[in-house]
Amino acid sequence: MKNRLKVLRAERDWTQADLARELGVSRNSVNAIENGKFDPSLPLAFRIARLFGLAIEEVFQDDHVSS
Amino acid sequence: MGIDRHLPFLGLLILLPLAAGLLVLDVPGEPMWGIAFTAGALLYSGWLTARRLRDPDEVKSAAVSFGVVVGSGLGAAVAVMVVVSMIAVPGLADFITQQAVTDNGLSPANVGFAYGVLFTVVAMMLGFAIGHSGWWLSRR
């Protein structure tokens, strides 16, 4: 699943470590999600979207819809 | 969160010197201490694994789950293969029996069983390490 985490993080001048601290996960976890190597669960996806003040669809993009 | 990251290393700091002491020193009642040590080490690693599986960081938890699956499967498979090899390869069973003969009063069968358990546990740990590391490497 694609996502805009890297862009959203850069807009706020956050490092991966900063985002990891906000979400209560490790930096490696943020890296895996950001690079599309791990799809977060719904609760975590909602937490991420809430953190950026966006709807979940504005952060994560379903591969089937975009293709 | 801080201490949680260091729990495996703290465990090693305690367990490795104990293991070295048991191997090097002539401890009275050594077989029972060895059993107690093995049981303690297994309980500790089981507790640590359960703790990691319940980690609120779901990515880390997924990596541990995968490691447990690979470790269990690989460990059991390797243990079965070794048992089959002991039957099929001439002389292998005798060689292992010779290693199991000790002068501390334990029968070769008991020592052999302990070696079998130890070998399976080590194979499972190696399988876990391979699975866990492989999971993270595949997500780089």
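Which residues are buried in H3(A)? In this helix Ser29(A), Val30(A), Asn31(A), Ala32(A), Ile33(A) and Glu34(A) are buried, where buried means under 20% relative accessible area, exposed over 50%, and partly exposed in between (1.4 Å probe, protein chains only). H3(A) is thus described as mostly covered, with six of its eight residues buried. Helices are DSSP runs (H or I, at least four residues), numbered from the N terminus. Just after H3(A), Gly36(A) takes a positive phi of about 70 degrees.

The model is predicted: local features need pLDDT of at least 70 and side-chain atom pairs count only at pLDDT 80 or more, while totals for chains, interfaces and linings use all residues. Residues are numbered from 1 along each chain as its sequence is written, chains are lettered from A in the order in which they are written, and side-chain values use heavy atoms, with hydrogens and water left out.

Chain A and chain B bury about 970 Å² between them, 56% of it on carbon and sulfur atoms; buried area is the accessible area (1.4 Å probe) that two parts lose on being put together, summed over both. On the side of chain A, Ser29(A), Lys37(A) and Phe38(A) lose the most area to chain B, together 45% of what that side buries. The contact (heavy atoms within 4.5 Å) takes twelve residues from chain A and ten residues from chain B. Helix H3 (residues 27-34) of chain A supplies the largest share of the side of chain A that touches chain B, five residues. That side divides into six nonpolar, five polar and one charged; Ala, Val, Leu, Ile, Met, Phe, Trp, Tyr, Cys and Pro count as nonpolar, Asp, Glu, Lys and Arg as charged, and the others, Gly among them, as polar.

The largest nonpolar core has 22 residues, and those with the most contacts inside it are Leu5(A), Ile33(A), Ile48(A), Val59(A), Phe60(A) and Val59(B). Such a core is a set of buried Ala, Val, Leu, Ile, Met, Phe, Trp, Tyr and Cys residues joined through side-chain atoms within 4.5 Å. H4(A) gives the most to this core, with five residues. Ile48(A) touches Leu5(A), Leu23(A), Val59(A) and Phe60(A), not counting residues up to four places away in sequence.

Arg9(A) lies in helix H1 (residues 5-11) of chain A. Arg9(A) is buried, with a relative accessible area of 12%. Leaving out residues up to four places away in sequence, Arg9(A) touches Trp14(A), Thr15(A), Gln16(A), Leu19(A), Glu34(A) and Phe52(A).

Terms used:
Helix = DSSP H or I, 4+ residues; strand = E, 2+ residues; numbered from the N terminus.
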